[in-house]
Amino acid sequence: MKLSVGPLLYHWTRPQVFAFYRALLCQPVDSVYLGEVVCSKRRALGYAEWAAIARELADAGKEVIISTLALMEAESELAALGRIAADAVTIEANDMAAVQLAGGRPFVIGPHLNVYNGKTLRLLAALGARRWVAPLELDPPAVGALLAERPDGLQSEVFAYGRMPLAFSARCFSARARRRNKDDCGFVCSEDQDGLTLYTREREPLFALNGIQVQSAQVRNLLGAVDELRESGVDVLRLSPHSTAAVPFASVIEAFAAAVRGEDGAQCPPSALPGGYCRGVMREQRR
Amino acid sequence: MPEQSAVELVCPAGTLPALHAAVDNGADAVYLGLRDGLNARNFPGLNFSLAEARRGIEYAHARQVRVFVALNVYPQPSRWAAATAAVDAAADAGADAVILADPGLLAYAAERHPALNRHLSVQASASNWRALEFYQQRFGVRRAVLPRVLSLAQVRRVIERVGMEIEVFGFGSLCIMVEGRCGLSAHVTGESPNTHGVCSPAHAVRWQERPTGRQARLNGVLIDEFAPRESAGYPTLCKGRFEALGAIVHALEEPTSLSVLDVLAQLLAAGVSAIKVEGRQRSPAYVAQVTRALRVALESCRRDPAGYRPPAGCAATLERLAEGRTHTLGAYSRPWQ
């Protein structure tokens, strides 16, 4: 079993981004996903700077995969996708446009492609998929049921730690919360390093707003399910980046690395984000 | 089989009486779902048995109205056999098309029933021409329903780029998230469109009277509280009031309906093949009124596109039937985004 670090879902400052990936160089993760999944307007780093980070990670022995947008509407977004797909990189496809452009080369099925049965899995494998990241809505037993039908050679990955991406819209909710619209957003999402927590009127943390994406307020933490996931055939566990204000991410990696090595009693540090930890896609699922 | 109209008015039929209402009031096509959790309106008391579907198809075809069967679920392994059997049944019953979202099911339908029209459901989240091209090339999809995330200009460009029919939503409840990529309901109730064909399911709804007002809860979670005399809407998660940055607001969207009445001429000029009405969960009376209003508006627009104004009677009818009695253009209008 291996560990991956998922794409950075938030709009961090340049120093934060550089510091995060520099720290990863010496940490026990096998794959690192780079690239923007949420909003094409975000450009904290230029393409050349991302490429430099990718080279450093690759030199440190990490497999680098470029994640692509989950909601693609504009011609400019398709053009940017075309440039990424033309590079000799492995992409994580989060929209069928990316599968179409990957053109038979190896790619990763991202968590935002709806793959719920063996027929779909085999179809995408025949088009070049070599790894499948399960949709967030599939709980570990459902992932296991689907893995029983997977084609030979297809790896599987599960979102194991982080605030869960739940929905995408044309509307920017981070801007709306500040009475702005998307065309005049002022990149206010950069004020929310781990998303903007949305509470019910009873102050219960429910969702987190992250640009056009809505996440769970709760952080999914599958540390306690590592053995179950391994037994059902899951190959890779994905840890989704969070800021140092939320959690010491290096300690999260270390805890999962220990669990993957089969050590008993590994513990994640508590999350400072409102909502705490949950196990499945449901907010109240604690076990 | 009925001929296809230039621009089809596609109306919802949750039950046989609703199908009759749509057909009798000017629908060019109706869409319906089969029972047993095989479509995105998996509600109690809704949907068709196979025998009912046959009767509905017979009734519609006798009046030159086409019938589409929505099988827009993502079947997991335990439901795969039931889903493919439903595709077979729809073909056998003489449906004019099946509306599918799942790539595996699309492949199955293309292999087993090549002559049966395949429409791409909005649940497939295909929001750009490259994705649409994928479904067209791989599965011979003839028509696609666009997610409610594109601006009017983007709809126009998609139609210019793809050689397939494009259907857009014209009226009804407004999903503000990309369809097929929304798990808000899963997070709160464990059931969502992708896994159970439902959003904010009725069995999870509880209304509670409190001194401060009327509370709407979904699986125990407070979605909104309404002051006395304030109109209380169904607690759909994206229409709730929540606290963001210290203020109680409709952080995602207000309770409102989508209506394209004001931009009908632009949509027709863009080349859409069909206008879809949401609402298989609605009553036959609602379906009748919405169908009639949109039929009148479409005819008015077709007679004189340049001079089109929403007919006053239609606007009033749709306003009265809209959620919260207000409507929006949603993402068709850039400032909404």
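Predicted model: local features only at pLDDT ≥ 70, side-chain atom pairs only at ≥ 80, totals over all residues.
Chain B comes in two pieces: domain 1 covers 8-174 + 256-336, and domain 2 covers 184-249. Taken over C-alpha atoms, the centres of these two domains of chain B sit 27 Å apart. Where they touch, domain 1 of chain B puts in eleven residues and domain 2 of chain B puts in eight. On the domain 1 side of that contact in chain B, the residues split into four nonpolar, five polar and two charged.

Helix H3 of chain B, residues 80-92, makes a handy close-up. Its 13 residues stretch 18 Å from first C-alpha to last, close to the 18 Å expected at 1.5 Å a residue. Buried in H3(B) are B:Ala83, B:Ala86, B:Val87 and B:Ala90. Looking down the axis of H3(B), these buried residues fall within an arc of 100°, so they line one face of the helix. The buried residues of H3(B) pack against strand E3 (66-70), strand E4 (97-100) and helix H4 (103-112) of chain B. Over on the other side of H3(B), B:Ala81 and B:Asp92 are exposed. After H3(B) comes B:Gly94, with a positive phi near 90°.

Next, the two chains together. Their contact draws 53 residues from chain B and 52 residues from chain A. Several elements of chain B give two or more residues to this side, among them H4, helix H5 (129-139), helix H6 (152-161) and strand E8 (177-182). Within E8(B), B:Met177 is the bridge partner of A:Ser169.

Finally, two residues other than glycine have a positive phi. One is A:Arg179, with phi near 60°, placed in the loop between helix H7 (173-176) and strand E8 (196-199) of chain A. A:Arg179 counts as exposed because it has 8 C-beta neighbours inside 10 Å. The other is B:Ser200, whose phi is near 45°; this residue lies in the loop between H8 and strand E9 (205-210) of chain B. With 22 other C-beta atoms within 10 Å, B:Ser200 is buried.

Methods. Residues numbered from 1 in each chain as written. Chains lettered and ligands numbered in written order. Domains from an automatic or database assignment. Contact = placed C-beta atoms within 7 Å. Nonpolar A, V, L, I, M, F, W, Y, C, P; charged D, E, K, R; others polar. Helix = DSSP H or I, 4+ residues; strand = E, 2+ residues; numbered from the N terminus. Expected span 1.5 Å × (residues − 1). Buried ≥ 20, exposed ≤ 12 C-beta atoms within 10 Å, placed from the backbone. Arc of directions from axis to C-beta. Pairing = 2+ DSSP bridges.
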